[in-house]
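Reader: I have just opened this structure and would like to learn how to read it. Could you guide me through some of its features?

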Amino acid sequence: MLHVMAIWAAYVQKHHAFLSDVFMAETRKFMSSTYLQASDVRVYVHNKQIVGFVAMVKTYVGVLFVGCEYEGKGFAKALLEEVNVLEEELVTSAYSENKDGCSFYERHGFAFVKKEIQDISGEYLTYYRLPKS
């Protein structure tokens, strides 16, 4: 899990700089102590190195991150394709301020559902769903 948390930390530092340090410290604790253990975590390995991961809770894509140096190389898409074999539609959310994350989901067929403020961070989340064809 150390490699996964290192990818998580680098990603949020780059793409979630708008979140407070206090909130991120609490989120880091939650991720490493609770969330990842309760999720179906799948990793993408390239050249014998973990370069990305997805953490699913049933049909909810809770986390889908690749190492910053591997962005744009198709690894996140491959992870998404791996979990998109479920019989049900996938759902997810991304911080609205994270334009790269939001556009990733939109480019890959996710439809906008709603936008609302996350109570614990005070930031807007955009919710998406990927209907089954």
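Reader: Which residues is H15 in contact with, leaving aside its neighbours within four places in sequence?

Author: This is a predicted model, so please read everything below as computed from it. Leaving those neighbours aside, H15 is in contact with E71, N98 and D100. H15 itself belongs to helix α1, residues 2-15.

Reader: Does H15 count as buried or exposed?

Author: The general idea is a cut-off: a residue is buried when its relative accessible area is under 20%. H15 has 9% relative accessibility, and therefore counts as buried.

Reader: Which side chains make polar contacts with the side chain of H15?

Author: Here we look for N or O atoms within 3.5 Å of each other. The side chains of H15 and E71 are joined by a polar contact of 2.8 Å. With the side chain of D100, H15 has a polar contact of 3.4 Å.

Reader: How many residues does the largest nonpolar core have?

Author: That core has 20 residues, and V54, V61, L64, L80, L90, Y105 and F110 are those with the most contacts inside it. At least two core residues come from each of β2 (49-57), β3 (60-66), α3 (75-83), β4 (90-95), α4 (99-107) and β6 (124-130). The element that gives the most is α3, with five residues.

Reader: What does L90 touch, leaving aside its neighbours within four places in sequence?

Author: Among the contacts of L90 are M56, V61, L80, V83, F110 and Y128. There is also a second, separate core of 18 residues, which includes W8, F53, A55 and Y95.

Reader: And how do I read a pocket?

Author: Rolling a probe the size of a water molecule over the atoms shows where empty space is left. In this structure, the largest pocket has a volume of about 980 Å³. Its lining is made of 42 residues, with Y11, H16, G62, L64 and F65 nearest the centre.

Reader: Which element gives the largest share of that lining?

Author: The largest share comes from α2, with seven residues. Sorted by class, the lining has 24 nonpolar, twelve polar and six charged residues.

Terms used
Residues are numbered from 1 along each chain as its sequence is written. This is a predicted model: local features need pLDDT of at least 70, side-chain atom pairs count only at pLDDT 80 or more; totals for chains, interfaces and linings use all residues. Side-chain values use heavy atoms; hydrogens and water are left out. A nonpolar core is a set of buried Ala, Val, Leu, Ile, Met, Phe, Trp, Tyr and Cys residues joined through side-chain atoms within 4.5 Å. Buried means under 20% relative accessible area, exposed over 50%, partly exposed in between (1.4 Å probe, protein chains only). Helices (H or I, at least four residues) and strands (E, at least two) are DSSP runs, numbered from the N terminus. Contact means heavy atoms within 4.5 Å. A polar contact is a pair of N or O atoms within 3.5 Å; within protein, one must be able to donate a hydrogen and the other to accept it, and residues adjacent in sequence count only if both atoms are side-chain atoms. On a 1 Å grid over the protein atoms alone, a cavity is a set of points where a 1.4 Å probe fits but cannot get out, and a pocket is an open set with protein on both sides within 12 Å along at least five of seven lines; lining residues have an atom within 4 Å of a point. Grid points are joined across faces, edges and corners, and a volume is the space filled by probe spheres set on the points. Ala, Val, Leu, Ile, Met, Phe, Trp, Tyr, Cys and Pro count as nonpolar, Asp, Glu, Lys and Arg as charged, and the others, Gly among them, as polar.
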